[in-house]
Amino acid sequence: MGETGAGARTPVVAGVPGPVEVVGVGLLGASIGLACRRAGLEVLLRDVNDDHVRTASGLGAGRAVRPDDVPALVVVAVPPDHLAAEVGRALDRVRDVPGAVVTDVGSVKSGPLNALAAHPGLGRYVGAHPMAGSERSGPLAATAALFDGRPWAVTPHPSSAPDATAVVEALALLCGGVPVRLTPDEHDQAVARTSHVPHLLASVVAARLAEAPGSHLALSGQGVRDVTRVAAGDPALYGQIVSANADAVVALLGEVRADLDRVIAAVAGADRPALEEVLGRGAAGTRAIPGKHGGPARPVLTVHVSVPDHPGELARLFADAGRSGVNIEDVRIDHDPGRPVGLVELVVEEVGAEHLRGSLESRGWLTHR
């Protein structure tokens with residue numbers, strides 16, 4: 001590998017030059033550090049929280065940055081409120097480093113770019129956003145496998161150097177991600193539609209549960225859990241994210257408000273065709289979501305299986321499902337509050353559902369249609 005001490009340059013690995021400096025050593029930053037170290041790159045860690053740097057270093061994600069370090073690539077992984085400022089500081093630090101590149105992993109692209117418009121080093125900056133995460137946060141939740149198979153938006157702007165864009169796409173690949181090139185505006189509209197507005201709507205629905213009578217909540221099933229799951233995210237962080245993407249979010253919320261007005265009118269007026277039209281468009285939207293490996297969605301069915309709620313039963317179910325030869329696409333578990341069993345939902349391709357059901361029943365499992 002050659003030298004890896006302070007100030008030394010490390011070789012290019014799979015198109016990514018080192019050392020790589022990571023600014024902000026939380027879940028995403030530490031995971032990028034782990035992936036780069038796995039590939040053999042030197043990683044320098046910088047964070048306002050010294051404990052995060054110590055923790056990430058202990059996990060093998062890199063070492064604390066020193067004053068005479070010279071990074072070839074800087075990855076900024078800080079919350080949206082601080083993104084533009086930290087990217088600007090990174091551009092200042094590498095101003096005299098030939099070929100150095102700055103990227104970020106922020107969830108909004110246009111706002112930070114506009115704030116940096118006058119920076120003389122802007123051509124070295126290419127925004128990015130890996131579509132990966134976890135319900136956990138901080139470096140202890142980090143893993144080198146976090147980005148495996150996940151889309152990684154790469155958002156060059158008109159003055160981005162082509163070589164800088166190539167480095168950022170190489171970083172995505174090195175970390176296991178799948179680069180998807182978009183303009184900054186396209187990215188912000190896309191995440192408003194697929195992430196930010198769904199999160200707000202989940203929060204609005206979940207808020208109706210906060211003061212609900214216990215007798216109402218006792219009827220909660222998997223449906224309400226599915227709809228509200230993302231609402232459990234950190235309100236302060238998501239407040240930053242949504243605020244930073246206000247234009248795209250507000251435009252979509254206006255469309256949602258119009259749909260809600262149509263739903264209210266249809267329900268109040270007992271207009272069944274109008275209601276079914278809205279529901280039908282919703283069903284069409286679920287079919288538009290890409291399927292496995294980014295391919296077209298394929299028809300699926302759910303096989304419901306009653307599973308005793310004690311150790312070893314899930315393992316036995318999965319083993320028996322494996323013996324059927326039918327591939328399981330997704331799994332959900334709904335616990336029955338009134339009985340010591342859970343209802344496991346095995347999502348499989350439509351053509352294999354009946355075979356799986358019969359195979360499980362032949363092995364003593366109780367299935368439901």
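Colleague: Which strands form the open sheet with antiparallel pairing, and in what order do they stand?

Modeller: In this predicted model, the open sheet is built from four strands in the order S12-S13-S11-S14, and their pairing is antiparallel.

Colleague: What makes S12 and S14 the edge strands of this sheet?

Modeller: Strand S12 (328-335) and strand S14 (366-368) each pair on one side only, and that is what is meant by calling them edge strands. Neighbouring strands of the sheet are turned by 30° against each other on average, with direction ignored.

Colleague: How do you know that S12 and S13 are paired, and how many bridges join them?

Modeller: Two strands count as paired if there are at least two bridges between them, and seven bridges join S12 to strand S13 (residues 341-349), the two strands running antiparallel; S12 and S13 therefore meet the criterion.

Colleague: Which residues of H6 and H10 meet, and how do they divide into nonpolar, polar and charged?

Modeller: On the H6 side the contact includes Asp 188, Ala 192, Arg 193, His 196 and Leu 200, and on the H10 side Ala 248, Leu 252 and Val 256 are among the residues they meet. The residues of this contact divide into nine nonpolar, two polar and two charged.

Colleague: Why does His 199 count as buried?

Modeller: His 199 is found in helix H6, and its relative accessibility is 7%. Buried means under 20%, so His 199 counts as buried. Leaving aside residues up to four places away in sequence, His 199 touches Val 230, Ala 231, Gly 233 and Tyr 238.

Colleague: What makes Ala 118 exposed, and where does it lie?

Modeller: Ala 118 lies in the loop between helix H4 (110-115) and strand S8 (125-130). The relative accessibility of Ala 118 is 77%, and since exposed means over 50%, Ala 118 counts as exposed. The C-alpha atoms of Ala 118 and Pro 213, which are 95 residues apart along the chain, are separated by 55 Å.

Colleague: Which way do the residues of S7 point, and are they buried or exposed?

Modeller: In strand S7 (residues 101-104), Val 101 and Thr 103 point one way while Val 102 and Asp 104 point the other way, and all of them are buried. In a regular strand the side chains alternate between the two faces of the sheet. Four bridges join strand S6 (residues 73-76) to S7, and these strands run parallel, with Leu 73 standing opposite Val 101.

Colleague: How many helices and strands does the protein have, and how much of it counts as buried?

Modeller: The secondary structure comes to 13 helices and 14 strands, and 40% of the 369 residues count as buried.

Methods:
Residues are numbered from 1 along each chain as its sequence is written. This is a predicted model: local features need pLDDT of at least 70, side-chain atom pairs count only at pLDDT 80 or more; totals for chains, interfaces and linings use all residues. Side-chain values use heavy atoms; hydrogens and water are left out. Contact means heavy atoms within 4.5 Å. Ala, Val, Leu, Ile, Met, Phe, Trp, Tyr, Cys and Pro count as nonpolar, Asp, Glu, Lys and Arg as charged, and the others, Gly among them, as polar. Axes are lines fitted to C-alpha atoms, for helices over the stretch in contact, and angles run from 0 to 180 degrees between N-to-C directions. Buried means under 20% relative accessible area, exposed over 50%, partly exposed in between (1.4 Å probe, protein chains only).
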